[in-house]
Amino acid sequence: QALRSHCGAARAAYNWAVGWVEASWWQRRAEESYGVPEAGLTEWRPWSLPALRKAFNQAKTTDPRFAAWWEENSKEAYSTGLANASAAFDNYAKSKNGKRRGKRMGAPRFKSKRKARLACRFTTGVIRVDADGRHVTLPRLGTIRVHEPTTNLLDRVKAGTARILSATVRHERGRWFVSFQAEVKRDLERVARPDVAV
């Protein structure tokens, strides 16, 4: 239930960011139809992650969609949604300006509660693989038992050859998964035959 709540919070923050940015687009379009000059139009709302975070922190205590329950989840859940929205707007702008390769991208759309993929990313706070190799600890969620042993990653962390940077939780095919992004130290391997071409 707590995992679903965090993933739902990420989706809600994403939808809020999309609506907040697009509101200025629609306002400008309406003002242009009324004949308002360029200098008098509403300013574009920025979609950088710091700008979205600042605006969300001001809105979360007063917006009826968040005011009652935003404290139940880690700040990382909301940060996940805001970061995804910022990246989506960046990709849309680059695609529109011809700076992005591949298929042309449309503007970000709201995520449906039923169809959205449940996922949440943690980048700060207590993120660790516990010493027994059977539990992981995540911010606000606490200690969670895992199905597969985590001894391989645990051994590297204990040896000082790996450092956990972030953890992503997602729901897929009826199960919850956690994946860790880690910085791994590898020894340089000498090439056996440096003169041979492949």
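A: The disulfide count is 0, taking a disulfide as a pair of cysteine sulfur atoms within 2.5 Å. Cysteine 7 isn't in one: its nearest cysteine sulfur belongs to cysteine 120 and sits 5.5 Å away. Cysteine 120, likewise in no disulfide, has the sulfur of cysteine 7 as its nearest. Bear in mind that this is a predicted model, where local features need pLDDT of at least 70, side-chain atom pairs count only at pLDDT 80 or more, and totals for chains, interfaces and linings use all residues. Residues are numbered from 1 along each chain as its sequence is written, and side-chain values use heavy atoms, with hydrogens and water left out.

Cysteine 7 counts as buried at 4% relative accessibility, and cysteine 120 is buried too, at 2%. Buried means under 20% relative accessible area, exposed over 50%, and partly exposed in between (1.4 Å probe, protein chains only).

On to helix α2, residues 49-59; helices here are DSSP runs (H or I, at least four residues), strands likewise (E, at least two), numbered from the N terminus. Its buried residues are Ala51, Leu52, Ala55, Phe56 and Ala59. Viewed down the axis of α2, they fall within an arc of 125° (taken from the directions from the helix axis to the C-beta atoms), so they line one face of the helix. Those buried residues pack against α1 (2-33) and α3 (75-96), with contact meaning heavy atoms within 4.5 Å. Pro50, Lys54 and Gln58 are exposed, on the face turned away from the buried side of α2.
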